Each structure stands twice: as structure tokens, then as C-alpha cells.
Amino acid sequence: MSARVRRAAGTTVPVALLLYAGCRWLDGRDHHHGPGLWWNLGHAAFLASWVGFAILAVAMARPSRPSGRARGAGIATLAGIGAFTWVTLTDLFPGLPDLPDPLRLVGPLLFLGGLVTLLAVTARAQQHRRWWAFPLLAVAATLTVSANLDLLPVAAVLFGAALLPAWRYRRQLPTGASAPAKERSASGATR
């Protein structure tokens, strides 16, 4: 997958989530969230964020030398994205059948578990010194928005930071290999 597509997806996720938050705020000024212009625009932005997440999940699950763990996490993430997408579509089109309750419960867990694993595998493969921070940012973003949907702007920023290894190019090395000295010093890995 091209770096341009990954960068576009990496930008789309937080921007679309911020747009959704803004539309949600505009829609709720009358203390009621429901069908209407801002509701529809917000949900369209939310759908765009899921497309961005899906592109990044595929990119992380298919590095130059994919592991079984990355492939499995990619599948779990995409399944979770599918569940979230279906729920968003039923908000936009009330005539669609609701997602069954077990899938409503499992979908978010698949998304978060898969995304956390993909971020950990990707950040470690790119030899980020604090690789564990990226999965933790994704967990923090999810917990923030789960606690209160009004905190969606905070979650958007946290997701934007969490997804950096997914869209910023940093050469992935085979397990056990180290970057040439010039690359290590340029990336700050020798500090």
C-alpha cells in the first residue's frame, strides 16, 4: 500500500472524528440528537473514519513480512470495524435491521483487541523505543469515548497519536535486524 494512501487514511481518522464531534455538538444544541442535517453529516464523517481505520488495519496487517499475529489481528480489527459500520448505517438508515446484540458486544472488543495488537506489532517492527505507548493511546482513546461521547474530540487526538506508526513511514526491519548506523542516528535510536 502506498505511503500516500496510508498518510491520507492516518489524517482521515482524527479529522473525521473531529468533524463527527462538531456535527454532534451542533445537532445536540436543542438537547436532542436525531435525524437531520448535522446528524447525517456527523454520521457520514464517522463512516469516513471507519474507512480510514480499515485502510490502516490492512496496511499494518500486510507488512513486507507479515506474521500470523498481524494477519489475525487485522481480521479481528476489520470485523470490529464492520460491526461499528453497521451500527452507524442503522443510525443513518433506520429501516436497516439492527446488529444482533452478541455482535454489538463482540464488535468493539474485536476492533480494540485487533488494533492494539496491530499497533504493538507495527511499532515494534519499526523499532520505536516506546512502542508500547501507541497501543496504550488507542486504549485511552477508546475508554475516553466510551466514558462520554462528548469527549470525542479528546479521543480523536488520542487516536491520531496512536495511529502514527500505521501511516508514518518508518522502514520495518526483519525480526532481530538493526538499522544501519546512519539510519539509527537520524531516527534518534542511538540516543
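Tutor: Axes here are lines fitted to C-alpha atoms, for helices over the stretch in contact, and angles run from 0 to 180 degrees between N-to-C directions. This is a predicted model, in which local features need pLDDT of at least 70, side-chain atom pairs count only at pLDDT 80 or more, and totals for chains, interfaces and linings use all residues. Residues are numbered from 1 along each chain as its sequence is written, and side-chain values use heavy atoms, with hydrogens and water left out.

Student: Why are α3 and α4 called oblique to each other?

Tutor: The axes of α3 (residues 68-92) and α4 (residues 101-125) cross at roughly 140° and come within 7 Å. Angles under 35 degrees count as roughly parallel, over 145 as roughly antiparallel, 65 to 115 as roughly perpendicular and the rest as oblique. α3 and α4 are therefore oblique.

Student: What makes α4 roughly antiparallel to α5?

Tutor: α4 and α5 pack at about 155°, with their axes 8 Å apart. That angle makes the pair roughly antiparallel.

Student: Which residues of α4 and α5 meet?

Tutor: With contact meaning heavy atoms within 4.5 Å, L112, L115, V116, L119, A120 and A123 in α4 meet F134, P135, A138, V139 and T142 in α5. These divide into ten nonpolar, one polar and no charged.

Student: What does L119 touch?

Tutor: Not counting residues up to four places away in sequence, L119 touches M60, F134, P135, A138, A162 and L163.

Key
Helix = DSSP H or I, 4+ residues; strand = E, 2+ residues; numbered from the N terminus. Nonpolar A, V, L, I, M, F, W, Y, C, P; charged D, E, K, R; others polar.
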